[in-house]
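I opened my notebook beside this model and looked up a few things, from the whole fold down to single residues. Here are my entries, in the order I made them.

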Amino acid sequence: MKQHCDRIIRAGVLVTQDEQRRVLGDAAVAVTGDTITAVDHADVIAAEWSTDAVSDLSGMLVMPGLVNAHTHVAMTFLRGLADDLPLMQWLTEHIFPVEKHLSVEIVEVSALLGCAEMAATGTTTLCDMYLIEDATFKAVDRAGLRMQGGEGLFAFPSPAYACIEDAFELVRRQHDRYSSHSRIRHAVMPHAVYTSNPEMLARCAALAGELGCGLHIHLAETAAETAQCLASFGKRPIPYCRDLGVLSPRTTVAHAVDVTDDELEILRESGICVAHNPVSNMKLASGAARVPEMLAAGICVGIGTDGAASNNGLNMFTEMKTCALLHKLRYADPTCVPAATVLDMATTGGAKCAGWPETGALVPGAKADLIALDLSAPNLQPLYSAVSHIVYAATGHEVTHTMVGGEFVYENGRHTRFDYPALLREVASIRRWVQKKITG
């Protein structure tokens with residue numbers, strides 16, 4: 001007797017990202033509720049499962065949804081505002097002055113715009129840190145995406161709080177509010193060593209332990225950060241954070257660019273994850289993280305876009321290709337960080353970084369987060385290797401379907417949960433507001 005499921009998704013090519021990294025032709029996925037119940041060849045699924053809903057994606061490449069392991073999704077409203085500048089000048093002279101005028105409405109609309117971009121280019125899960133993060137939580141929930149997020153914590157007032165005590169109270173409220181949400185998980189997110197102090201970072205580490213949640217921090221992003229940390233605290237950023245208890249298996253560090261051999265060992269021993277942001281690091285000339293050596297050491301590495309203000313996009317397909325090419329060039333080795341490794345970073349690795357280890361692969365028991373790419377796109381033909389095409393040939397704009405937790409949040413080029421044209425009108429209003437702020 002057949003088992004019943006809520007939906008069967010048929011795929012022309014299925015990239016599972018299971019332990020064997022199987023790629024199946026003429027395959028299918030059975031989904032019940034928000035969970036995958038079976039993955040196999042289409043004839044096997046048809047023989048063993050019944051359903052009232054079949055999604056025929058037999059002309060498509062179906063794969064796990066991509067995981068953006070580090071971003072600031074609401075910064076889409078700053079896309080292209082101040083390009084071609086070093087990190088500290090970009091932040092202090094252009095970004096921070098506008099951000100101090102942020103409102104709940106601006107963050108929510110901008111975050112929803114970022115979600116629209118990610119859903120349309122195959123990202124199903126994001127790890128987000130920003131200001132007034134409650135508005136981002138609301139936007140992500142509305143868009144139907146999956147996330148780990150937290151308020152960006154500073155040792156000085158922000159638009160969300162007047163002092164650090166208020167900030168910690170806000171973090172606790174956020175954690176309580178989303179502790180049982182099906183698609184949103186909370187983490188403690190101190191911004192960076194240069195926007196904090198030792199007492200604050202130690203408290204963040206202790207709070208993450210108390211709440212049993214993740215901790216996410218920008219760390220060792222630039223040589224300038226290292227110099228500032230040495231001048232202020234007498235230590236480089238990674239040993240400084242280790243000694244404060246910040247580095248543990250619950251920690252994901254974003255960037256980790258300026259890292260010595262000894263610090264690679266600290267990262268390995270700490271059991272942390274690294275969110276690698278190749279495009280942002282290149283654009284801001286921060287440097288290139290030592291990803292091949294991190295992977296060789298057994299450090300979990302995911303891929304993130306950073307915010308649209310320092311990348312100009314939230315497209316994980318662009319990020320994957322850049323990641324692969326950057327390290328081949330830097331190490332003068334075409335075998336360095338091959339396509340399969342990059343895809344692992346953007347799926348299973350990113351899922352661990354973002355605190356959602358039950359995503360990133362199409363296997364029974366995993367969350368039903370998947371995307372479909374139209375194989376009739378000229379840049380995806382002819383097809384010899386699906387994994388190669390995903391990393392080197394796809395642009396993200398071949399994505400026709402994005403499913404999160406068994407629900408299509410993007411289907412045949414249409415966002416199913418919100419009015420995209422209306423959103424664009426709200427974004428235009430924000431652009432006019434920003435222009436007034438920067439022109440005085």
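**Contacts along the chain.** I began with how far apart in sequence the contacting residues are. This is a predicted model, and among its contacts with a separation of 6 or more, 72% are between residues 24 or more positions apart.

**Overall build.** Next I looked up the secondary structure and found 16 helices and 18 strands in the protein. The radius of gyration came out at 21 Å, close to the 22 Å that the globule rule gives for 440 residues, so the protein is as compact as a globular protein of that length. I also noted the box that the C-alpha atoms fill, roughly 65 × 45 × 40 Å along the principal axes.

How many of the residues count as buried, as a percentage of the 440? I got 59%. The protein exposes about 16,400 Å², and 52% of that area is supplied by carbon and sulfur atoms. For charge, I noted 35 positive and 50 negative side chains. The centres of these two sets lie 3 Å apart.

**Strand 12.** I then turned to residues 251-255, which form strand 12. Are its residues buried or exposed? Five of the five are buried, so strand 12 is largely enclosed by the rest of the structure.

- Strand 11, residues 214-219, pairs with strand 12 in the parallel sense over five bridges. Here I found isoleucine 217 opposite valine 253 of strand 12.
- Strand 13, residues 273-276, also runs parallel to strand 12, and three bridges join them. In this pairing threonine 252 stands opposite cysteine 273 of strand 13.

**Strand 15.** My next stop was residues 370-374, strand 15, which is mostly covered, with four of its five residues buried. Which strand pairs with strand 15 over five bridges? I found strand 6, residues 54-64, and the sense is antiparallel. In that pair, methionine 60 has aspartate 374 of strand 15 as its bridge partner. Strand 16, residues 399-404, is joined to strand 15 by four bridges, again in an antiparallel run. There I noted leucine 370 opposite methionine 403 of strand 16.

**Threonine 123.** I picked out this residue in strand 8, which covers residues 123-130. Why does threonine 123 count as buried? Its relative accessibility is 0%, and the cut-off for buried is under 20%. Leaving aside neighbours within four places in sequence, I listed what threonine 123 is in contact with: Leu66, Asn68, Met118, Leu145, Leu314, Met316 and Thr402.

**Valine 140.** Valine 140 is buried, with a relative accessible area of 0%. Which residues does valine 140 contact once its neighbours within four places in sequence are left aside? I wrote down Cys115, Leu126, Leu145, Met147 and Arg183. Leu145 is also on the contact list of threonine 123. I checked one distance here as well: valine 140 and glycine 114 are 26 residues apart along the chain, and their C-alpha atoms are separated by 9.1 Å.

Notes: Residues are numbered from 1 along each chain as its sequence is written. This is a predicted model: local features need pLDDT of at least 70, side-chain atom pairs count only at pLDDT 80 or more; totals for chains, interfaces and linings use all residues. Side-chain values use heavy atoms; hydrogens and water are left out. Helices (H or I, at least four residues) and strands (E, at least two) are DSSP runs, numbered from the N terminus. The radius of gyration is taken over C-alpha atoms; the globule rule is 2.2 Å times the number of residues to the power 0.38. Buried means under 20% relative accessible area, exposed over 50%, partly exposed in between (1.4 Å probe, protein chains only). Contact means heavy atoms within 4.5 Å. Accessible areas come from the Shrake-Rupley method with a 1.4 Å probe; for residues, only the protein chains shown count as cover. Lys and Arg count as positive and Asp and Glu as negative; His and the chain ends are not counted. The place of a charge is taken as NZ of Lys, CZ of Arg, CG of Asp or CD of Glu. Two strands pair if DSSP finds at least two bridges between them.
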